[in-house]
Amino acid sequence: MSFEKFFNPESVAIVGASRQKSKVGYEILASMMEAGYKGQIYPVNPKADNIEGLKCYPDLVSIKQVPELVIIIVPAKFVPAIMQQCAKIGTRAVIIITAGFKEVGDEGRELEQQIIQIAGQAGIRVIGPNCLGVIAPAYNLNASFGGTIPRPGAIGYLSQSGALLAAILDMANTNNIGFSKLISIGNKADVDELDLIKVLGEDPETKVIAGYLESITDGNAFVSQAERISHNKPILLMKSGGTAAGAKAASSHTGSLAGSETAYGCVFERAGIIRCNSIKEQFDYAQAFGNQPLPAGPRVAVITNAGGPGIMAADAVEREGLSFSKLTDETVSKLASKLPVAANLYNPIDILGDALADRYEFAIDVVLDDPNVDTILVLLTPQAMTESEGTAEAVVKISRKKPAKPIFACFLGAGKIEDGVKILREGKIPVIDCPESAVATIKVMTDYVRWRSRPKRVVKLFPVNRRKVEGIIERHQRQGIREVGETESKEILEAYGFVTPKGSIAATSEQAANIAQQLGFPVVLKIWSPDILHKSDVGGVKVGLNSEQEVKDAFDLMMYRIPKKQPEANILGVLVQEMCKSGKEVILGMNRDPHFGPLMMFGMGGIMVEVLKDVSFYLAPLTAEEAERMLINTKTYQMLKGVRGQEGVDIKAIAEGLQRLSQLVTEFPQIQEMDINPYVVGPEGTTPIAVDARMSIEK
Ligand code: ADP
Ligand code: MG
């Protein structure tokens, strides 16, 4: 079934329509009529003959026509029976407004299950239950009790919170913002966010998709769809509530550092989704994407009638990492020909406090032609002579004449600029209430352009020994062991092309000294026990041992102290390991999110990872560019590149390590979390070493 029937049905039945003004059953009917819906409306209510002049039917069957859309408002326990009727008469689009389903407990859950079953068998698509309804302004359809229908526009909105949608509608109507469709998804019993981003993605009336989500039903499908759609249309989402991944007890560093928001951050980044932290932000962005062309680059020109706001905008441009257009000589001399001598002809272009509409018009016109300008921001403060409305008209006029570059307006003030703002909004000029937010919006647009033009994702596959890893994992699963110890973790890593330090286990101090002798000094001693996850914490790591005697002493000390600290630990001996003499310590890790799969982590390594928390995450599988971006997104990156005369390390080699790890965890979904810490990296051309590793697998 196409979703067309939800937005542009030829006829609508309202089951549970009411004569009583305070009831939702009345509100919806009234909204439908007030919006000027052109099709046939059939109120269904066995206790009424007519409502608001419309003939009323006792049930759906009595209508004798097939309403293309049915809206259900009757109490939850009656809904399954109404669904049966829909199935019988052949309606394929149903909106269930009624609450009292999954959200109230087992009984409601059972009712919702019945609905899903009937819908599935009959091929009916259901929006809701427990939702506010659907609005399609272009078709005068207000099948909701959310408020007055807004004007038609380019924003398609979906919301998991009905109440929020009501607020958005009110704000939109006050600010004259238009929508293509608004959909309240409620409990998502059938139609969910995935369906709707697809529908809005293909909808020619929708230029930008915006929404509020609390949960995402099918993580992987959502990511791939959103990524596909983002190439054509921006998706702006507010998201609340994290996933469970961060909440569960983690045994790896990566697991403990992955917060509840990490997965969504990764998903949004990967899919090009623009995250909005407030309704205001979302409106700012939606207006911009919905009404203006995309900027070709990051260069902004500011035209203002006041110095202060111009400087505020300039500061924001700097902070956001955008650039300030350097106007060409031609532009400057053109401006000079007509602007007063006191005007500032350089960016921010100050056309002075007495600027009337015509001066704005002239300046915008000239600056738009400058090849060094990608976006124009027009600032206005209402001074004694300022023509707020006239200026608004001028801005609209020029943007129509020269529509290739985005123009933003920021009229500062309140009452005096109100009418001007209205004109701007009607003329499709995004109006943003302060210079900082305006610049932030320009930045978001620029980032989106960059995301869209990023190279096609190619994930490199390395030749590896999968067999070997399969064997180790199967053996652990058979024995019901979740934690894979250091040796076997390292065998797994070696099978995927990692290099680990040489070493063996010693049971006595004599043995330890012998192994050290063979490895060559200096060596490292590490306590060897399946029960000790973080060896340093119990004094179980001793580095830089330079002689047999030092090794023996260290061995004895560990064997004396650690059993006292951790009497229950089963200590199998001590690992004598060759020592990496130089290099920087980083951490490579993975934590598997139950909805979105493996999240890769990179950061500053060593025993301080949890303290410094200088880490970045990204969704696997990683491309070479993404792996490198993970590095760049940390502060550690500056240090790795080499600061103050220090030699840098092999960045590409670290990125390759991340890609190899990403391949491992993608090919083995049994691996739940893991980290390599430290991964010791040296200068360009040297091979990094996986010094310590741990992983846990599902039972
Ligand atoms: P754990 O993380 O369980 O405490 P590690 O094996 O990671 O134990 O060792 C702790 C720290 O000791 C490392 O972060 C590193 O600084 C140092 N270290 C351990 N093994 C070596 C080694 N072979 N070469 C150099 N430094 C090492
Ligand atoms: Mg470690």
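Visitor: How much accessible surface does the protein chain have, and what share of that surface belongs to carbon and sulfur atoms?
Guide: This is a predicted model, and every value given here is computed from it. The accessible surface of the protein chain comes to about 29,400 Å². Of that surface, the share belonging to carbon and sulfur atoms is 51%.

Visitor: What does the C-alpha trace span along its principal axes?
Guide: The protein chain has 699 residues, of which 55% count as buried, and its secondary structure comes to 24 helices and 30 strands. Taken along the principal axes, the C-alpha trace of this chain spans about 100 × 80 × 40 Å.

Visitor: Into which domains is the protein chain divided, and what distance separates the centres of domain 1 and domain 4?
Guide: The chain is divided into domain 1, made of 4-146 together with 165-175, then domain 2 (293-452), domain 3 (502-578) and domain 4 (584-697). When the centres of domain 1 and domain 4 are taken over C-alpha atoms, the distance separating them is 52 Å.

Visitor: Which residues are in contact with isoleucine 14, leaving aside its neighbours within four places in sequence?
Guide: With its neighbours within four places in sequence left aside, its contacts are Ile28, Leu29, Met32, Ile41, Tyr42, Pro43, Val44, Ile71 and Ile73.

Visitor: Is valine 94 buried or exposed?
Guide: Valine 94 lies in strand E6, which covers residues 93-96, and its contacts beyond four places in sequence include Phe6, Leu69, Met83 and Ile127. Its C-alpha atom and that of arginine 694, which is 600 residues away along the chain, are separated by 51 Å. Because its relative accessibility is 0%, valine 94 counts as buried.

Visitor: Is lysine 88 buried or exposed?
Guide: Lysine 88 is found in helix H3, which covers residues 79-89. Its C-alpha atom is separated by 41 Å from that of histidine 231, a residue 143 places away along the chain. Since the relative accessibility of lysine 88 is 68%, and exposed means over 50%, this residue counts as exposed.

Visitor: Is glutamine 672 buried or exposed?
Guide: Glutamine 672 is found in strand E28, and, leaving aside its neighbours within four places in sequence, it is in contact with residues including Arg482, Met590, Ser696 and Glu698. Its relative accessible area is 17%, and because buried means under 20%, glutamine 672 is buried.

Visitor: What is the phi of lysine 188?
Guide: Most residues other than glycine have a negative phi. Lysine 188 lies in the loop between strand E11 (179-184) and helix H6 (193-202), and it is buried, with a relative accessible area of 12%. Although lysine 188 is not a glycine, its phi is positive, at about 55°.

Visitor: Where does leucine 352 lie?
Guide: Leucine 352 is a residue other than glycine with a positive phi, near 80°. Its place is in the loop between strand E17 (349-350) and helix H13 (357-368).

Visitor: In which strand is proline 678 placed?
Guide: The peptide bond leading from asparagine 677 to proline 678 is cis, and its omega is near 0°. The strand that holds proline 678 covers residues 671-681, and it is strand E28.

Technical notes:
Residues numbered from 1 in each chain as written. Chains lettered and ligands numbered in written order. Predicted model: local features only at pLDDT ≥ 70, side-chain atom pairs only at ≥ 80, totals over all residues. Heavy atoms only, no water. Helix = DSSP H or I, 4+ residues; strand = E, 2+ residues; numbered from the N terminus. Buried < 20%, exposed > 50% of the residue type's maximum accessible area, 1.4 Å probe, protein only. Contact = heavy atoms within 4.5 Å. Domains from an automatic or database assignment. Areas by Shrake-Rupley, 256 points an atom, 1.4 Å probe, with all protein chains shown as cover.
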